[in-house]
Each structure stands twice: as C-alpha cells, then as structure tokens.
Amino acid sequence: MNRKKRIITIIVAMAMLCMMSMTAFADTNVHISLPKDQVWTSSYAVSRTGKYSYVSASLDSVYPISGSDYFTKIQARLVNSVGLLIMTSTYEVLKEGDGYQQLQIKEGYLASKTVYIQFRGNTSSAAEAIVNYLGN
C-alpha cells in the first residue's frame with residue numbers, strides 16, 4: 001500500500017509540474033502604445049529556455065488612436081539589455097491575425113536567458129496594439 005501512495009504522489013507531482021510550466025510559457029497578451037513616426041517602444045523582457053534559436057511574436061490587433069482603422073501590420077525586433085540588435089534581420093513584420101512569427105536570434109546570443117522585444121508601427125501614425133510573445 002505504501003508503494004501505491006508513492007506512485008500516486010509522483011504522478012500528481014508530475015501533473016502539477018506540467019501545468020505550472022504551461023502557464024510560465026503562455027501567451028502574454030500585452031496592450032502596447034505605438035508612438036508616431038515609427039519610433040520603437042520601450043523594451044519588454046522575454047524569458048527564454050535557450051532550447052530554440054528564436055522568440056515567437058504575434059499581433060492580435062492594431063488600431064489607430066483616432067480616425068479610420070486601416071492598420072494591419074506592425075514591426076518587431078529583439079535587442080539585448082543595452083539595446084543592441086540581436087536578430088538575424090533588422091526587424092520582422094507582424095500581420096494582424098497571422099499567428100506567431102519567429103524572430104531569429106543571432107549566433108553569440110543564443111544562450112541569453114532574457115532578451116528584449118520592441119515594437120513599432122508600420123506607418124508614421126501612432127496606434128495601439130495587442131501583441132503576444134513567447135520565449136521558447
């Protein structure tokens with residue numbers, strides 16, 4: 001009987017560990033304000049496992065502060081703690097409703113446990129957006 005209790009305890013502990021890890025890497029669903037003139041936002045810290053060479057980001061919606069809503073895209077990039085670009089490209093375009101886009105990290109920065117993501121509008125107008133990002 002004692003062995004049976006241990007097995008049940010281990011199974012319950014493993015199930016709880018799985019549930020806790022899923023919430024740690026869940027969508028962030030962040031509301032951001034995009035400044036006018038395509039200025040990058042302040043940096044948002046992204047924790048990573050280091051197992052993958054990218055961070056994932058998606059755009060749920062983007063809309064103007066006022067006026068007609070013709071916005072569908074924004075731009076995203078990854079930087080380190082001092083603001084140095086650490087992506088293989090200058091930026092990636094996120095399109096509304098397209099799901100996650102991979103932001104590839106340069107060699108030499110792959111072991112970084114924390115990277116920073118920045119966003120900016122795809123036009124010179126100011127806007128609001130709802131984004132998600134995952135450290136992977």
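Let's start with the sheet: four strands make up an open, antiparallel sheet, arranged in the order β1-β8-β3-β6. Its edges are β1 (30-34) and β6 (101-104), each of which pairs on one side only. Direction ignored, neighbouring strands here are turned against each other by 40 degrees on average. Keep in mind as you look around that this is a predicted model.

Now zoom in on one pairing within the sheet. Strand β3, covering residues 54-64, runs antiparallel to β6, and four bridges join the two. Along this pairing, V55 stands opposite L103 in β6.

In soluble globular proteins, nonpolar side chains tend to be buried together. The largest nonpolar core in this model has 24 residues, and L78, F119 and V131 are the ones that touch the most other members. Two or more residues of this core come from each of β1, β3, β4, β7 (114-121) and β8 (127-134).

Finally, follow the chain to N80, in the loop between β4 (73-79) and β5 (92-95). Is N80 buried or exposed? N80 counts as buried because its relative accessible area is 17%, and the cut-off for buried is under 20%. With residues up to four places away in sequence again not counted, N80 touches I86, Y109 and Y116.

How values were computed
Residues are numbered from 1 along each chain as its sequence is written. This is a predicted model: local features need pLDDT of at least 70, side-chain atom pairs count only at pLDDT 80 or more; totals for chains, interfaces and linings use all residues. Side-chain values use heavy atoms; hydrogens and water are left out. Buried means under 20% relative accessible area, exposed over 50%, partly exposed in between (1.4 Å probe, protein chains only). Contact means heavy atoms within 4.5 Å. Two strands pair if DSSP finds at least two bridges between them. Axes are lines fitted to C-alpha atoms, for helices over the stretch in contact, and angles run from 0 to 180 degrees between N-to-C directions. A nonpolar core is a set of buried Ala, Val, Leu, Ile, Met, Phe, Trp, Tyr and Cys residues joined through side-chain atoms within 4.5 Å.
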